[in-house]
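Reader: Before I plan anything around charged side chains, could you walk me through the salt bridges and one of the helices here?

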Amino acid sequence: METPLYEKIYLNLLNQIETGQLKPSDQVPTEKELADQYQVSRITSKKALEKLVQIGAIERIRGRGSYVSKTLPDFGTLNPKTHFEQGDYPNREVNGLIGLIIPEFFKDCFGRKLLSTLEKRCSELKYNLIIKLTYGSQEEEDEAINTMIQQQVKGIIIFPVHGQHYTTSLLRLVLEGFPLVLIDRYLKGIPACAVYTDNHTAAQNLTDFLFTQGHEHIAFVSPPEEYTSSIEERIQGFKTAYLQKGIAVNPNYILSDMFSTLPTFNRSDEFFEDQLKLRNFIEENSHVTAFIACEYEIACVLAQVLKSLGKSIPNDYAIACFDHPGWLYNDMIFTHIQQDEDEIAIKAVALLLQQIQGETVPVQNMVDYQLIEGNTF
């Protein structure tokens, strides 16, 4: 079979990093530069860069580009097959294949540790983990599921795409009782095993924390809530915190139409549209002094907008969010909910293997979290 174009780009860049042609902290060619160099689409060059992000060879910084990681992976342990949806490893006794379907390559703020633990735990149990990306597309999710069934995987762990409806293939897996575990979210009204954070309580605690800091007008910023159960529950937790203080939530304080952080929205115009929405919101809601961002990336966009308006964080505004990549990425450490990615991964694999062995498992499985205080409140 001919090597895919994105794999050729990936291997070429990986070789340049391994041989020192590209050194730690060096900037990597952009998607456009690679597309022009190899005469491919930007989708292809983007996929190659994302493969390098997945193994920790490069870091992508919003608005600045891609850079060779300061701490490189052990190249001697990297098997190219493991990064291109191949399920077979030579000379290794295995119990079978487990599929992992995710919408995009996980980020440092949430997902990379989860992915690493999933792979490690499957390997310990002598299962090969194969990965498919959906890029936020339900059509791709359908195709990924069907492909994995054809490859005779024993079970599937899936991070469902955003959407108001479930894919036909996913529903079929549930109805047929195929070993399946959802991570990060659950399917409303569908008895599919899911492992996720107690988002309702977490958002309530985060809101309560800001109340204790003296903020009386707190806003919530997120993608549309109907897109995923985790977002909906975070908004509900935010409302619960208000209600328990005997305060009616101002509907204007919930800005739930951010799109630039979704896998299907990655063009610069959506990013600028979100900035404009935030700018207008801030100017129209002068009483608000604190924000809870549903995701770390939204918190970063919000911080940029506030700074562009001459506002100080935390003197003028406080920002809290879900998940955080750490102090290396930003001088601001947002007060945040830290999800337990290791526990989510370990529990997901355990529940999947129980199903593979014919056991009945709980449908809803919530994992604890930590509230980490930063310097933005």
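**Salt bridges and a covered helix**

Author: In this predicted model, Glu-124 and Arg-121 lie three residues apart in helix α4 (residues 112-124), and so about one helical turn separates them.

Reader: What is the N to O distance in the salt bridge between the side chains of Glu-124 and Arg-121?

Author: Both partners are partly exposed, Glu-124 with a relative accessible area of 46% and Arg-121 with one of 30%. Their side chains meet in a salt bridge, for which the N to O distance is 2.9 Å.

Reader: Is Glu-31, which forms a salt bridge with Arg-42, buried or exposed?

Author: The closest N and O atoms of Glu-31 and Arg-42 are 3.8 Å apart, and the pair links distant parts of the chain, with Glu-31 in helix α2 and Arg-42 in helix α3. Arg-42 is partly exposed at 49%. The cut-off for burial is under 20% relative accessible area, and Glu-31, at 17%, therefore counts as buried.

Reader: Which residues are linked with Lys-277 in a network of salt bridges?

Author: Lys-277 forms a salt bridge with Asp-257, their closest N and O atoms being 3.9 Å apart. Lys-277 lies in helix α9 and Asp-257 in the loop between β10 and α9, so the pair ties together parts 20 residues apart in sequence. The residues linked with Lys-277 in the network are Asp-257 and Asp-274.

How values were computed
Residues numbered from 1 in each chain as written. Predicted model: local features only at pLDDT ≥ 70, side-chain atom pairs only at ≥ 80, totals over all residues. Heavy atoms only, no water. Salt bridge = Lys/Arg side-chain N within 4 Å of Asp/Glu carboxyl O. Helix = DSSP H or I, 4+ residues; strand = E, 2+ residues; numbered from the N terminus. Buried < 20%, exposed > 50% of the residue type's maximum accessible area, 1.4 Å probe, protein only.
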